[in-house]
Amino acid sequence: MKKNNLYIGILTGTSMDSIDCGIFKFDNEQYKIISFHENHYPKDIKSKIINNYKSLKENYKKNPLNKEIALIYSDIINSVISKEKINKNDINAIGMHGQTISHGLFNNENISIQLGCPITLAEMTKIKVVSAFRQNDINNGGEGAPLAPLFHDYVFKNNKKRVIVNIGGISNISFLSNNNNNLFGFDSGPGNTLIDSWIKKKYNLEYDVDGKISAEHKCSDELLKIFINDKYFNKNSPKSTSTEYFNQKWIDAKIKLSVSNFSDGDVLATLTKLTVISITNSIKDYCPECEEIYICGGGAFNNTIVSQMNYQANKIFLNKVIVDTTNKISFPPKEVETGLFAWLAMSRINEQLLDYSNITGSKKPSTLGEIYFPK
């Protein structure tokens, strides 16, 4: 017997700026956002992760951080349930993504490692936990990312040629299905990761609030050309990437390819433009008759990215294109990804086969995620 069709999604993004927790209700093709809470990411945990990447990649399951992350998640979930006055018996499962430590192709094998012990989380919350979504996709021949397109299609599809862009540390694009198009998607490249890395190094800030600093400077066409000529942008889908590829070392290596000098602000403006151009070029290549682009994730709050995407889209597409955040279509941008993992948990509990063949390159429809029961 089903409980009350309530599912929790919890995750931390690659930028480690917050821990997001959402509670959702799913009934057939209908969904409802019950609550959403954005939580502080402990600075000591972030520092430990950054300083221990190598050992975490080698054996993350035995590292104390694996359990520490789960304990933090459990405190948040228990607190949210209490605040919302929800009976735990009404919650079917928790969809836990965890903190990505590594993702990509290494020694010709796809790997995806996320911190967060599902056994600990299930025990501390007394609720079933579903996790290892990416690993299940890899085991099925896929790249393990992006996972968002199927959920985006479930929530946002209509009769328009609509595209959803999730701008987190990495940007991923969902080309939604309609009468004429099949669903597909891929990682277009960097989202906030290069911007955040540069602004941390040069301005000692965590991020460019509202994109204000980049808006005060000028993009270098020369440097942008060097950036956009990277091999990843010419790679065909399915494709996915991570902050292990697009990082500060990547920026420094690209800048060295130029004989010119650039101000810190101009590099920031160029990195911001790179995010925009890599997204809009991808949309043009795969959906030249696009009618609507909606943005979610942290990048939806960078006003410079949103305004430049609006300008760029209406410059390169023949028809007028709507560019806005998912607020415009009744789903706050920051809450979408928690909805994804709640939905993935629901799909796994209901043994629903998910077809990621046009997205990650998986071999066949399959269930995603492993279920962990509280003792």
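The structure holds 24 aromatic pairs (rings of Phe, Tyr and Trp, the last by its six-membered ring, with centres within 6.5 Å; planes under 30 degrees apart count as stacked, over 60 as edge-to-face, the rest as tilted). The model is predicted: local features need pLDDT of at least 70, side-chain atom pairs count only at pLDDT 80 or more, and totals for chains, interfaces and linings use all residues. Residues are numbered from 1 along each chain as its sequence is written, and side-chain values use heavy atoms, without hydrogens and water.

Phe227 and Trp250 form a tilted pair, with 5.3 Å between centres and 35 degrees between planes. Phe227 belongs to helix H9 (221-228) and Trp250 to helix H10 (248-255), so the pair ties together parts 23 residues apart in sequence. Helices are DSSP runs of H or I, at least four residues, numbered from the N terminus. Both residues of this pair, Phe227 and Trp250, are buried (under 20% relative accessible area, 1.4 Å probe, protein chains only).

The rings of Tyr232 and Phe246 lie 5.8 Å apart at their centres with planes at 90 degrees, so this pair is edge-to-face. Both Tyr232 and Phe246 are buried. The charged end of Lys239 sits over the Tyr232 ring, 4.5 Å from its centre (NZ of Lys or CZ of Arg within 6 Å of the ring centre and within 35 degrees of the ring normal). Lys57 is placed likewise over Phe106, at 4.6 Å.

Ring pairs also link a cluster that includes Tyr7, Phe24, Phe151 and Trp343.

Ser366 lies in the loop between helix H13 (336-349) and strand S12 (370-372); strands are DSSP runs of E, at least two residues. Ser366 counts as buried because its relative accessibility is 15%.

Definitions and conventions
Buried means under 20% relative accessible area, exposed over 50%, partly exposed in between (1.4 Å probe, protein chains only).
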